[in-house]
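This report describes selected local features of a protein chain. The sequence and structure are shown first.

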Amino acid sequence: MNKFKFLSLTLFASASVLHAQDINEVKKQIDAEQFQKAKTSLKSIIKADPAEGKAYFLLGNIYLNQNVIDSAKITFNEGLKAKDAAHFNNIGLGQIDLENNDAAAAKAKFELAKSQARKKDFDEYIYIAKAYMNNSHPDYKAALATLALAKEKNPTEPQVLLALGDAFYGDKNQNEAFTSYRNAFQADNTLIRAKMQLGVLLKGAKAYQEAVAAYNEVIALSPNYGPVYRELAQTYYYWALNVPGRYDQYIKQALTYYEKYMSLTDYSLASRMRHADFLILAKDYKALEIEANKMKELDNVNPRIYRYLGYAAFENGNNDAAISSLQDFVNNPSNKVIALDYLYLGQAKIKKATNPEGTAVDPALYAEGIGFIKKAVELEPAVADGLGDLGKKFYEKKMFKEAAAILELATSYKESRTFLIDNFYLGNAIYFSNAGKVVAERDMAALKKADAAYANVLEASPDTVDAYLSRARTNSLLEDDQAMIKYYQEYIDHVTAKGAEELAKPAVKTKLIEAYNTMAAGYANFDKPKAIEHFNKTLALDPANKYATQSLKTLQ
């Protein structure tokens, strides 16, 4: 009996060691972002030994990483029933609470997990810190506070130092992040991610050449470490954006590296979706369409595929397919709709609403398109950057009302690269859509927006002389004589300051005559001598000017 008992204990110990080895291998797969392989391994471990709570936790974390929240929650709850290390699953459920903005519930679960940790354990603290960082509302301060407790237990543990690097990086403390990553790699030179993150810091500082050099050092140590090729792809993408002359070259390099990353990780649906996200950034819509159709073959019902199909269809000129795919996607209440979904759907509707010549629109369909773009801007103001180009296409076709609707959204984002010029076009579009109309027909609310748009131009660039002229014309339509006179005078002052050569230009002379005549007409309502003075200024430039001559006869 004693011999049998001893044999059973030996077998049990051997099984525990094997499972620990399996779990460590899975951790390496997760670190290498081989998520499909890791999921398969974890499911095998769970099937062989349902008592292995850590396996459930790691599997649930992969589901969280892939944004499959329901599967993650089910897995964590099953893990709580396990005999060994079940408490880790409270950390996973706590992260789901954080996703749901319930910080109190999350903290309670984290405290429960910590209470069941052994005295010298630090894994629980690392995973709690990661839960604070790896959700839609990251709290890097909370992560740092948690990791400080882990560091007290083991100040030289490489994994604690690596996690500290991530927390400091998220908290925008570059110096401490660098120190933590460096110390982590020095403590364990097999911890390739720590070495890679030193390159990530350089990428964040826009030192792209130095970042590439750092990544090449990683490749020299571990040529099959997939994540470094993803970082290379992202670095070349940002480099392309910042060096326009090399855009095509660097984007091509970025896509090559991303393909390498895919080959070293997996071609699962989740990986293909990450690839599709990168193709959107790189604006490779032909490749996006191919990838989206491959994803459709893998899972015809996954709604996110229709996002990619919609984007690709729009960029490749198929508006009907774009509208169909994206309409289905955004109308499904279970989908997490992002700004780009609304932006693409809105643009597709506007394009479909516009005739081939670009000279007329279907008003109802156009209004729908504007409504979706407005939703996009409300969700993420930065998507307005670039809308000005679409507005200017309508402006050039003299479709001023349609142009103004888009340009108003474009100018809602003050950080836009084209904020100043978009405001100028917005003011002009509103002015021209109202010029020539009697007072009752004018859109006074829109004209006030035009006045504000010109104000934005002049605040950023006071020497944009024609903006004073345009603002004066707009206030004339608003029947605000005081403001009209003020801005015409500012136009006159600025062109006069440029000297005789500027004043002698025929176009400037024509504008000055307009200014003096319109100012005089305004003064006639409340200051007759000033009106006479300004009509005489017109006649000094153009003695035969009929409007000034006749107006003076009326006033005198």
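The face of helix 24 turned away from its buried side carries the exposed residues A445, K448, E459 and A460. Here exposed means over 50% relative accessible area, buried under 20%, and partly exposed in between (1.4 Å probe, protein chains only). Helices (H or I, at least four residues) and strands (E, at least two) are DSSP runs, numbered from the N terminus.

The buried residues of helix 24 are A446, L447, A450, D451, A453, Y454, V457 and L458. Because they cover an arc of only 160° around the axis, they lie on the same side of helix 24; the arc is that of the directions from the helix axis to the C-beta atoms. They pack against helix 23 (419–434), helix 25 (465–477) and helix 26 (481–497).

## Basis of the model

The model is predicted: local features need pLDDT of at least 70, side-chain atom pairs count only at pLDDT 80 or more, and totals for chains, interfaces and linings use all residues. Residues are numbered from 1 along each chain as its sequence is written, and side-chain values use heavy atoms, with hydrogens and water left out.

## Start of helix 24

At the start of helix 24, a side-chain oxygen of D443 comes to within 3.3 Å of the backbone nitrogen of A445.

## N90 in helix 5

N90 belongs to helix 5 (residues 88–99) and is buried, with a relative accessible area of 8%. Leaving aside residues up to four places away in sequence, N90 touches L80, K109, L112 and A113, where contact means heavy atoms within 4.5 Å.

Technical notes
Polar contact = N/O pair within 3.5 Å; in protein donor to acceptor, adjacent residues only side chain to side chain.
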